[in-house]
Amino acid sequence: MAIYDVKSNKAEEFINDGEIRETLAYAEANKHNEALIDQILEKARPHKTATGYHCAGLSHREASVLLACDIPEKIEKIYQIAEEIKQAFYGNRIVIFAPLYLSNYCVNGCVYCPYHMKNKHIPRKKLTQEEVRAEVIALQDMGHKRLAIEAGEDPVNNPIEYILDCIKTIYSVHHKNGDIRRVNVNIAATTVENYRKLKEAGIGTYILFQETYHKESYLKLHPTGPKHDYDYHTEAMDRAMEGGIDDVGLGVLFGLELYKYEFAGLLMHAEHLEAVHGVGPHTISVPRVKHADDIDPDAFDNGISDEIFAKLTACIRLAVPYTGMIISTRESEAVRSQLLRLGISQVSGGSRTSVGGYTEKERPHDTEQFDVSDQRTLDEVVRWLMENGHIPSFCTACYREGRTGDRFMALCKSGQIVNCCHPNALMTLKEYLEDYASPETRKVGMEVIEREIPKITNPKVRQIAVEHLHDMEGGKRDFRF
Ligand code: SF4
Ligand code: SF4
C-alpha cells in the first residue's frame, strides 16, 4: 500500500488515498470540537505586519475540519475570515479574462464533457490561424487583455505545434488599441519538452484541472484515451514546473466525486507543489458540472448546492490565501456575486465556450463545451462589478515584469503586491473605459477611479499613477507597475 509522502514524485504517494480517508475521518470526528475549530480559525486569520498582512494558511487536515463543521456560528466565522483575507490581499479588485476555444477535436472519453470522442453528432471544429486572428480581434474589441486558451487532446489535429502557432498569432494581433497581453493555456497533460516549448512561447499560467482526485472514479470517468492515465495526469504539474513553467493552475470539477474528498486532494496537491518546487499553485478554479450537449449534470450524483459551494470556496480561501481563485461563466450572476466576496479574485466575462464563438453574432450552441449561465456582455459584467463595489482589472503586469513563481509569491507574502495590483487595476480599467466601455459604464468607472486614487497608499506610486491616468486621455496605453 502506498504511503503518504508530500515530496514524492509519485501521484499515489502525494495524493494518497489513505491519507485523504484519514483526513476525512479526522474532520468528521472533530467537526464539533469547538476548541480545535477556534484554534484553526485563529491560525487562518490575517495578521498585520510592518509591510501589510500575513496569513499562515491551513493544512489539508485543518481545512477539512472547517469544511466538515456544521455549527452555524463557526460557519459565519469562516465566511468572515475569508472576506478578511480577500480584502487583505486582493482588496476589491477582480481580474477579468476570457476563454478562447481553439479546437474541440478530442481523443478522450471524459463522460462529463460533450467533446468526448464518442459524441458523433457535434460538429468538430479547429480554428485556422486566420480564424484565431478574427477571434482575437473580436475579443480585443470587447476589451479583453487576458485569455485562457482551451483545446481538446488530439495529437493529430491539435499537436503542440498547432497550440504554439495559435499563441504566436494571438500575441501578434494588435487591433486598434487592442492587445492580448497574457495567454494562459489549458491543454492536456503533456511532456516536459512540450511544457518547455510553452514556456518559451511566453505563456502565463498553465492550467490543468484534475477533474477528480479519486483514482477509482477518475478511471471510470475517463474510460478511454490518454487521459485515462491517472498518474500521468496527476503528475503533469510537476513536469510543467520541470519544464520551467512557474505558474500553474489547479482545479477540480465539483460534482464528479464527494466534495470533501476532492477538497482534501486539492489542498494536498497544493502542498505537494509547495514542498517540491517551493511555490504553490498560482490559481485554483472551482467549476461545477454543468449541462452541455449530451451531458446531464443530474447523471452525476455528487452535485453540490450553492450553499456548500460557498463554504467550500471560503475554506479554500483560508487554506491557500496567496493562491488566486477563479470562477467562470458556468455560474450564475447570483452565485458569482456571493463568491466574489468570499475569495474569488478572477472571473471570466462575456465568454463564449464554443469554437469560433466570438465572431458569431448570436451565441452559437453547437460546439459549446458547457452552457453559460452568465450570458451578460463584458460591458455589463464590468458595470455590474463596479456597482457592487469591485474594481474590474485587466492587469497582466506580473508575468510581463518577470514576477512569476517564487518571485511573485514572495511579493504576495510580504503584502507588497498590493502596491502593484491596485494602481494597475485603475490604469487598466481606465484603458477599458477609454476604448471600449458604453457611456453608462464609462461614467460609473470614472467615478470608481476618482474614488480609488486617494487609496493608493504609497505617495510616489500614487503620483505616477495619476500622471499615467492623465496620459491615457492623450492616447497613451499599457502603463504598469
Ligand atoms: S474534458 Fe478535455 S480531454 Fe475530456 S473530452 Fe473534454 S476536451 Fe477532451
Ligand atoms: S499586479 Fe500582478 S498580481 Fe496584481 S493583478 Fe496585476 S498581474 Fe495580478
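The model is a predicted one, and the walk through it can begin with the helix α2, which spans residues 17-29. Two packed helices are described by the angle between their axes and the distance between the axes. For α2 and the helix α4, made of residues 60-68, the axes come within 8 Å and cross at roughly 50°. Since angles under 35 degrees count as roughly parallel and those of 65 to 115 as roughly perpendicular, α2 and α4 are therefore oblique to each other, and their crossing is right-handed. On the α2 side the contact is made by Thr23, Leu24, Tyr26, Ala27 and Glu28, which meet His60, Arg61, Ser64, Val65, Leu67 and Ala68 of α4. By class, the residues of this contact between α2 and α4 comprise six nonpolar, three polar and two charged.

The helix α2 also packs against α12, a helix of residues 259-277, with axes that come within 10 Å and cross at roughly 120°. Here too the angle leads to a description as oblique, because angles over 145 degrees would be needed for roughly antiparallel, and α2 and α12 are therefore oblique to each other. The crossing of α2 and α12 is right-handed. In this contact Ile20, Thr23 and Leu24 of α2 meet Lys260, Tyr261, Ala264 and Gly265 of α12, and the residues involved divide into four nonpolar, two polar and one charged.

Over residues 285-392 the chain is 31% helix and 9% strand, with the end C-alpha atoms 18 Å apart.

The ligands come next. Around ligand 1 lie Cys106, Asn108, Cys110, Cys113, Tyr115, His116, Gly152, Glu153, Ala188 and Lys227, a shell that divides into five nonpolar, three polar and two charged residues.

Ligand 2 is surrounded by Val95, Ser393, Cys395, Thr396, Ala397, Cys398, Ile417, Cys420, Cys421 and Asn424. Two or more residues of this shell are given by each of α16 (397-400) and α18 (418-435), and the largest share, three residues, comes from α18. The shell around ligand 2 has seven nonpolar and three polar residues but no charged ones, whereas the shell around ligand 1 includes two charged residues.

How values were computed. Residues numbered from 1 in each chain as written. Chains lettered and ligands numbered in written order. Predicted model: local features only at pLDDT ≥ 70, side-chain atom pairs only at ≥ 80, totals over all residues. Axes fitted to C-alpha atoms, helices over the stretch in contact; angles between N-to-C directions. Helix = DSSP H or I, 4+ residues; strand = E, 2+ residues; numbered from the N terminus. Left-handed = near helix turned anticlockwise from the far one by under 90°. Contact = placed C-beta atoms within 7 Å. Nonpolar A, V, L, I, M, F, W, Y, C, P; charged D, E, K, R; others polar. Near = placed C-beta within 6 Å.
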